[in-house]
Amino acid sequence: MAGSNSDTGDEVNLAEVLEALKEIKESQGRLATEVEAVSMRLDTIAPSSSQASSPITNKASPSSLAGVPMTPIRTVSESDADNTSPTTKEAVQAQKSGFTSRIILTTYPKQIGIKPLPLQWGAPDPTTRGPVVVSRSSSTIRRRNAHGGSYSIYFALALASKQLNANHRPDFTNTEPAVNIGPFPQWGDKKKIVAMDPWGHLAPWLFADTIEKEDVDIRPTIAITKAHMKLPELEESVRSGRLVPDGKVCLNAAGELAVTKFAVEPVWYLPGVAERFGIDEGVLRRSLFEHTGGSYPELITRGDIKVFLPPIGGLTVYCFGDPAKMSDEKCRLALRIHDECNGSDVFGSDICTCRPYLIFGIEEAVREAQNGGSGVVIYFRKEGRALGEVTKYLVYNARKRGEDRASDYFKRTENIAGVKDMRFQALMPDILHWLGIKKIDRMLSMSNMKYDAIVGQG
């Protein structure tokens, strides 16, 4: 009996110790955050006065208190700048730009003060799933659960040039989606959607409580609006009788169209992306790290962060007719998946036929919507088969100076780029799952790669 009581007492004592350690860790995290915030304010207000004559600091910085590896920058007075090394001059410029005197290289899991918001990809409801948090603002940097950012390069440039306050918070008043969509069962399947955030259009409103109470910066990755579309070819389509104005989809004799637009930024769930390509997640992380010049070191050091917002173009959905009909299996659906071709789509270059195909897809989508179904055109930013316009124009030159045959075109592309195509359609079907599309009655594409990707994803 005495032994039993002793065991119970030990268990109680252990629980108390663990609870005390947890409280100490949380207190240290809060302290580190507050100390760092004060330090950042002091560095911004008087970056050079307090450290003008000091050597490289050996003192524990606020961030080192939080266990964050740092590279200190020597701080000098502005008057000494002309007599300093390039590194010191860079430090002076950093201070002038409003940055602190320390550089955060990377973070690691379970550091004091590092506490990412829970994110359970594929959970069926948003509360359980949690928000995608990528901001590096002072109040949010320790709560991040994602890497990168679609416009992170331009964002960084804006901060460096002092065009943007690092702690700016968006005012989302009246920015709610123009139409409702979902949720659909596919949103809760982590194998169906791995390249976008299914809750990204509602993030500021779904997680308003987290934003307010925990002072975390949470932003949408999808926006939905309504607009009118006007293209010169569509006026000709009306004149020729291919399109008939109905006042709802095709609004008038000028061929003006009513359209619902969905802008989507990529959000990659790394385990799912790796599985989709049949590779190891570690290999994917290493390749992304190394071939972005080491721009995202936490891809390597933060295995606990499973989401990456790549700095690449996203996509736009153009829906003609009632958006609710996209997911209605009783309604017919016409679909075109179109990959960006700036020269033809925008400027009408005659060396390729992308714009005529795009116009055809729009016309057929409108006709399907007018017949009581749904018409959808999805436009991906994958210029030049995701090889870029430089490679594309080099291939154009080869075409013009040789025999302009399709077989030679693909061969010359491979000779120059090492691959015929880098669009990799494996991630493309995710948007169809998000829209709730389960069947396609008219696939307005000749691409076997797109067809195979859609069929492969069910």
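Visitor: In what order do the three strands of the open sheet lie, and what is the pairing?

Guide: Two strands pair if DSSP finds at least two bridges between them; strands (E, at least two residues) and helices (H or I, at least four) are DSSP runs, numbered from the N terminus. In this predicted model, the order is β3-β7-β6, and the pairing is mixed. The edge strands, each pairing on one side only, are β3 (146-148) and β6 (268-269). Strands β3 and β7 (residues 307-309) run parallel and are joined by three bridges, with Ala 146 opposite Val 307.

Visitor: How many salt bridges does the structure hold?

Guide: A salt bridge is a side-chain nitrogen of Lys or Arg within 4 Å of a carboxyl oxygen of Asp or Glu. The structure holds 26 of them. In one, the closest N and O atoms of Arg 129 and Asp 197 are 2.9 Å apart. Arg 129 belongs to helix α4 (residues 126-129) and Asp 197 to the loop between α5 (152-160) and α6 (203-206), so the pair ties together parts 68 residues apart in sequence.

Visitor: Are Arg 129 and Asp 197 buried or exposed?

Guide: Buried means under 20% relative accessible area, exposed over 50%, and partly exposed in between (1.4 Å probe, protein chains only). Both Arg 129 and Asp 197 are buried.

Visitor: Where do Arg 442 and Glu 364 lie?

Guide: Their side chains meet in a salt bridge (2.6 Å, N to O). Arg 442 lies in strand β11 (residues 442-443) and Glu 364 in helix α13 (residues 354-370), so this pair links parts that are 78 residues apart in sequence. Arg 442 is partly exposed, at 28% relative accessible area, whereas Glu 364, at 10%, counts as buried.

Visitor: Which residues form a nonpolar patch on the surface?

Guide: Patches are made of residues with over 30% relative accessible area and no salt bridge; like charges are joined within 9 Å, nonpolar side chains (Val, Leu, Ile, Met, Phe, Trp, Tyr) within 5 Å. Here Phe 277, Ile 279, Met 422 and Phe 424 form the patch, with about 340 Å² of accessible area together (Shrake-Rupley method, 1.4 Å probe; for residues, only the protein chains shown count as cover). Phe 424 is in the loop between α16 (406-417) and α17 (430-434), and its 43% relative accessibility makes it partly exposed.

Technical notes: Residues numbered from 1 in each chain as written. Predicted model: local features only at pLDDT ≥ 70, side-chain atom pairs only at ≥ 80, totals over all residues. Heavy atoms only, no water.
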